[in-house]
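I set out below what I looked up in this structure, entry by entry.

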Amino acid sequence: MSGQLKLGFIGLGIMGAPMAGHLVNAGHEVFINTRSKVSPDLANSKAIQCKTPSEVAEKADLIFLMLPDTPDVEKVLFGEYGVASGLSKGKVVVDMSSISPIATKEFAKKMNALGCDYLDAPVSGGEVGAKNATLSIMVGGEEGVFNKVKPIFDLMGKNINLVGSNGDGQTAKVANQIIVALNIEAVAEALLFASKAGADPAKVRQALMGGFAGSKILEVHGERMVKRTFDPGFRIELHQKDLNLALNSARALGVSLPNTANAQELFNACSAHGGKAWDHSAMVKALEKLANFEIGQKA
């Protein structure tokens, strides 16, 4: 793919808006649709607003989705005025949402039956990665289709990999979310322990950054825990959704994920205290409740 392309982007939330913005800034003709308010940056750009997903599919040759959950994707694809009703043969649909791998395989079959190609391409990197075009993109689908879309992926991310066939991209994202959740829990425990023991958690975090315990989670979310900045980011309710996918899939596979289940219970505790919309680094608050101690306070 080269030159100016007709691209569609549906779902313009915290992640989708900057991702679509990169496509507009690259000089492509971008047709957009969202159920939320269009951000000022996009509203004032050359992006063309459409009334329905079907209209986006009619006008664009390559349609991207960035939506919260599996039912949202199904509705946008196959509901009234959905993408499927506006497609014609030869078009490509790319779902960059994080949803069920099982449902993804079914969605792909339906799109293929319409004569269209389908990629699942969930991302990791959060709002920062979306804004900086440094997302990791995990792709499932045919290699030829992946190679066709890769130049567009390059506008939104840096670490872009074809994992396997349809559904495998979503499986990789579920694995990613398991690792992220368990790392958040580990960093939270470590900083809570250090703070309760009387050490300065900010200095402990800095000391750990240069060693084997160093990680992106310690760098970014460890700082959030110390500074008490829990505005999302990536909302707890979305990570709960991803861990539900992990636990339900593991149950179907006969695999035990005990620490994933524990991380989910900590997210559930946060949610019970009104924290669904907190950044997922706020998992630390559940541990602080158990300890009756907050990171940064005097022991």
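Which residues does UniProt assign to the feature "domain: 3-hydroxyisobutyrate dehydrogenase-like NAD-binding"? The unreviewed UniProt entry places it at residues 167-287; such annotations may be inferred rather than shown by experiment.

Basis. I worked on a predicted model, in which local features need pLDDT of at least 70, side-chain atom pairs count only at pLDDT 80 or more, and totals for chains, interfaces and linings use all residues. Residues are numbered from 1 along each chain as its sequence is written, and side-chain values use heavy atoms, with hydrogens and water left out.

Entry 1, the annotated span. I found residues 167-287 to be 72% helix and 0% strand (DSSP runs, helices H or I of at least four residues, strands E of at least two). The end C-alpha atoms of the span lie 34 Å apart.

I located glycine 82 in the loop between helix H4 (70-78) and strand E5 (92-95). Is glycine 82 buried or exposed? Glycine 82 is buried, at a relative accessible area of 1% (buried is under 20%, exposed over 50%, partly exposed in between, with a 1.4 Å probe and protein chains only). Serine 54, 28 residues away in sequence, lies 4.9 Å from glycine 82, C-alpha to C-alpha. Beyond neighbours within four places in sequence, I listed contacts of glycine 82 (heavy atoms within 4.5 Å) with Pro53, Ser54, Lys75, Val76 and Leu77.
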